[in-house]
Amino acid sequence: MMSSWKVSLGVGFVLGSILASAVWNRNPGPSQEEYELLLHKNAVLAEKQQVLQESFEELETQKALELEKAFEQLTGKQAELEQQKADYEEQLAQLKQQQKKLVVTKKKLDTKVVELETATEKQQVVLSHSKELYQQQLLLQKQVAKAEADVKKAKRVAEDFKKPCDEFKSGTSWNWVSQADCDKYDAKIKAVADEEAQLTALKTELEALNQKIEVNLPKK
């Protein structure tokens with residue numbers, strides 16, 4: 001799923017780069033043929049991005065269905081344990097009427113009932129805990145995807161301010177550039193660093209959660 005996000009976001013980045021390049025390199029503007037070619041490329045990339053987005057949504061749906069199936073299996077197991085518990089308790093009630101003859105059997109059934117009660121309680125905890133963990137995982141995955149998109153966007157914005165700053169530093173520009181352009185560029189670079197730090201923190205949190213799920217939840 002993570003690779004699908006990266007491909008989708010990569011397409012968006014390429015699209016942004018093409019549009020940015022068209023703006024920066026106009027002299028003074030693209031010809032009609034170049035403009036139509038750019039629109040065609042834009043449409044093709046937008047279509048590819050839509051296909052990737054639909055693929056990502058299908059994967060999310062598949063993941064949700066898999067989780068629902070897992071929850072149903074756990075619920076079915078709990079019902080099975082409850083039925084076994086009821087069966088043993090019924091046998092125990094019958095054995096109480098013959099207590100003098102079946103003392104040993106009664107003790108064994110008592111022990112089995114306790115074991116089943118413990119197993120049922122553990123199963124209930126697993127159902128509740130697994131649902132909570134998977135919900136947290138899905139939320140973090142969405143937050144990571146958004147953070148990656150924010151980083152890409154911040155880098156594109158910073159790139160827009162890089163050229164005038166470089167021109168100012170070279171001292172050979174004919175444009176109206178100044179130290180303010182470099183100050184703006186520095187601010188955008190800091191924004192990129194902030195977004196990347198947020199992305200790193202989210203990825204670290206998601207990795208820790210994935211490890212927690214791997215350790216604590218039962219395998220199918």
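Read along the sequence, this chain follows the pattern α-α-α-α. It holds 4 helices and 0 strands. Both kinds of element are DSSP runs, numbered from the N terminus: helices are H or I runs of at least four residues, and strands are E runs of at least two. The model is predicted, so local features need a pLDDT of at least 70 and side-chain atom pairs count only at pLDDT 80 or more, while totals for chains, interfaces and linings use all residues. Residues are numbered from 1 along each chain as its sequence is written, and side-chain values use heavy atoms, with hydrogens and water left out.

Start with the whole chain. It has 220 residues, and 23% of them are buried. Buried means under 20% relative accessible area, exposed means over 50%, and partly exposed lies in between, with a 1.4 Å probe and protein chains only. The accessible surface of the chain comes to about 15400 Å². Carbon and sulfur atoms own 54% of that surface. These areas come from the Shrake-Rupley method with a 1.4 Å probe, and for residues only the protein chains shown count as cover.

Next, look at contacts (heavy atoms within 4.5 Å). Take those between residues at least 6 apart in sequence: 80% of them join residues at least 24 apart.

Now follow helix α2, residues 32-96. Several residues of α2 are buried, including Leu38, Leu45, Phe56, Leu67 and Gln78. Glutamine 84 also sits in α2, but glutamine 84 is partly exposed at 27% relative accessible area. Its C-alpha atom is 10.0 Å from that of glutamate 117, a residue 33 places away along the chain.

Move on to the inside. A nonpolar core is a set of buried Ala, Val, Leu, Ile, Met, Phe, Trp, Tyr and Cys residues joined through side-chain atoms within 4.5 Å. The largest one here has 12 residues, among them Leu67, Leu133, Tyr134, Val144, Leu206 and Ile213. Helices α3 and α4 each supply at least two residues of this core. Helix α3 gives the most, with 6 residues. Apart from this core lies another, of 6 residues, including Ala158, Cys165, Cys182 and Tyr185.

Two C-alpha pairs give further distances. Leucine 139 lies in α3 and is partly exposed, at 47% relative accessibility. Leucine 139 and leucine 206 are 67 residues apart in sequence and 9.4 Å apart in space, C-alpha to C-alpha. Alanine 180 lies in α4 and is partly exposed too, at 37%.

Charged side chains come next. A salt bridge is a side-chain nitrogen of Lys or Arg within 4 Å of a carboxyl oxygen of Asp or Glu. How many salt bridges does this rule give? The count comes to 4.

One of them pairs glutamate 148 with lysine 203, at 3.5 Å from N to O. Glutamate 148 lies in helix α3 (residues 103-170) and lysine 203 in helix α4 (residues 179-216), so the pair ties together parts that are 55 residues apart in sequence. Is each partner buried or exposed? Glutamate 148 is buried, at 7% relative accessible area. Lysine 203 is partly exposed, at 35%.

Another salt bridge joins lysine 155 to glutamate 196, with N and O 3.4 Å apart. Lysine 155 belongs to α3 and glutamate 196 to α4, so this bridge ties together parts 41 residues apart in sequence. Lysine 155 is partly exposed at 39%, and glutamate 196 is partly exposed at 32%.

Lysine 190 and aspartate 194 form a salt bridge as well, their closest N and O atoms being 3.1 Å apart. Both residues lie in helix α4, 4 residues apart, about one turn of the helix. Why does that spacing matter? An α-helix has 3.6 residues a turn, so residues three or four places apart point the same way. Lysine 190 is exposed, at 53% relative accessible area. Aspartate 194 counts as partly exposed, at 42%.

How values were computed
Expected span 1.5 Å × (residues − 1).
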